[in-house]
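Student: I have a model open and want to go through its contacts one by one. Can we start with the picture?

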Amino acid sequence: MKHIPERMCVGCRKKTAKSDLIRIVQTADGICVDKKQNITARGVYICKNVQCIALAKKKKALSRQFRQGIADSVYDGLAKELENE
Ligand SMILES: [Zn+2]
């Protein structure tokens, strides 16, 4: 049996297969989506849906994870990126 790596979503806090999540990383250039999930940086995972991004925004989950203030516009940008996929 193949082991499926699971990660916790910072929005709903449910454990989900890594492939069903998007990875968000903190780089020198700011917060961005790690589409290939291969950027070596501090990262968090979130479900591929706008509801979870809204939840994370409400809870300021990214600010907590990255230990810095994350503007609401960053969450809105992530939601927009998902909509465009
Ligand atoms: Zn979620």
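Student: Which residues does Gln68 touch, not counting residues up to four places away in sequence?
Tutor: First, this is a predicted model, in which local features need pLDDT of at least 70, side-chain atom pairs count only at pLDDT 80 or more, and totals for chains, interfaces and linings use all residues. Residues are numbered from 1 along each chain as its sequence is written, and side-chain values use heavy atoms, with hydrogens and water left out. Contact means heavy atoms within 4.5 Å. By that cut-off, Gln68 touches Gln26 and Ser63.

Student: At what distance does the side chain of Gln68 make a polar contact with the side chain of Gln26?
Tutor: A polar contact is a pair of N or O atoms within 3.5 Å; within protein, one must be able to donate a hydrogen and the other to accept it, and residues adjacent in sequence count only if both atoms are side-chain atoms. Gln68 lies in the loop between α2 (61-66) and α3. Its side chain meets that of Gln26 at 2.3 Å.

Student: Is Gln68 buried, partly exposed or exposed?
Tutor: Buried means under 20% relative accessible area, exposed over 50%, and partly exposed in between (1.4 Å probe, protein chains only). Gln68 has 37% relative accessibility, so the label is partly exposed.

Student: Which protein residues are the donors of the zinc ion?
Tutor: Donors are N, O and S atoms within 2.8 Å of the metal (3.2 Å for Na, K and Ca); water is not among the atoms, so sites may look incomplete. Here the protein donors are SG atoms lying 2.3 Å from the zinc ion. They belong to Cys9, Cys12, Cys47 and Cys52.

Student: Which elements hold Cys9 and Cys52?
Tutor: Helices (H or I, at least four residues) and strands (E, at least two) are DSSP runs, numbered from the N terminus. The two residues are 43 residues apart and link distant parts of the chain. Both are buried. Cys9 is in the loop between β1 (6-8) and β2 (15-17), and Cys52 is in helix α1 (residues 50-59).

Student: What arrangement do the four donor atoms make around the zinc ion?
Tutor: Four donors count as tetrahedral if all angles lie between 85 and 135 degrees. The donor atoms subtend angles of 102 to 113° around the zinc ion, so the arrangement is tetrahedral.

Student: How many salt bridges does a search of the whole structure find?
Tutor: A salt bridge is a side-chain nitrogen of Lys or Arg within 4 Å of a carboxyl oxygen of Asp or Glu. Searching the whole structure gives three.

Student: Which residue meets Asp34 in a salt bridge?
Tutor: The N to O distance is 2.6 Å. Asp34 lies in the loop between β4 (30-33) and β5 (42-47), and the partner sits in strand β3 (residues 21-27), so the pair ties together parts eleven residues apart in sequence. Asp34 has 2% relative accessibility and counts as buried. The partner is Arg23.

Student: Which backbone oxygens does the side chain of Arg23 reach?
Tutor: Arg23 is buried, at 11% relative accessibility. Its contacts beyond four places in sequence include Gln37, Arg42 and Tyr45. One backbone oxygen lies at 2.7 Å, that of Ile39. The other, at 2.8 Å, is that of Ala41.

Student: Which residue forms a salt bridge with Lys35?
Tutor: The closest N and O atoms are 3.3 Å apart.

Student: Which residue forms a salt bridge with Asp76?
Tutor: Asp76 is in helix α3 and its partner in helix α1, 19 residues apart. Asp76 is partly exposed at 39% relative accessibility. The closest N and O atoms are 2.8 Å apart, and the partner is Lys57.

Student: Which backbone nitrogen does the side chain of Tyr75 reach?
Tutor: Tyr75 is found in helix α3. It is buried, with a relative accessible area of 2%. Its contacts beyond four places in sequence include Ile53, Lys57 and Ile70. At 3.0 Å, its side chain reaches the backbone nitrogen of Leu62.

Terms used. Four donors count as tetrahedral if all angles lie between 85 and 135 degrees; four count as square planar and six as octahedral if opposite donors are over 155 degrees apart and all others between 65 and 115; anything else is irregular.
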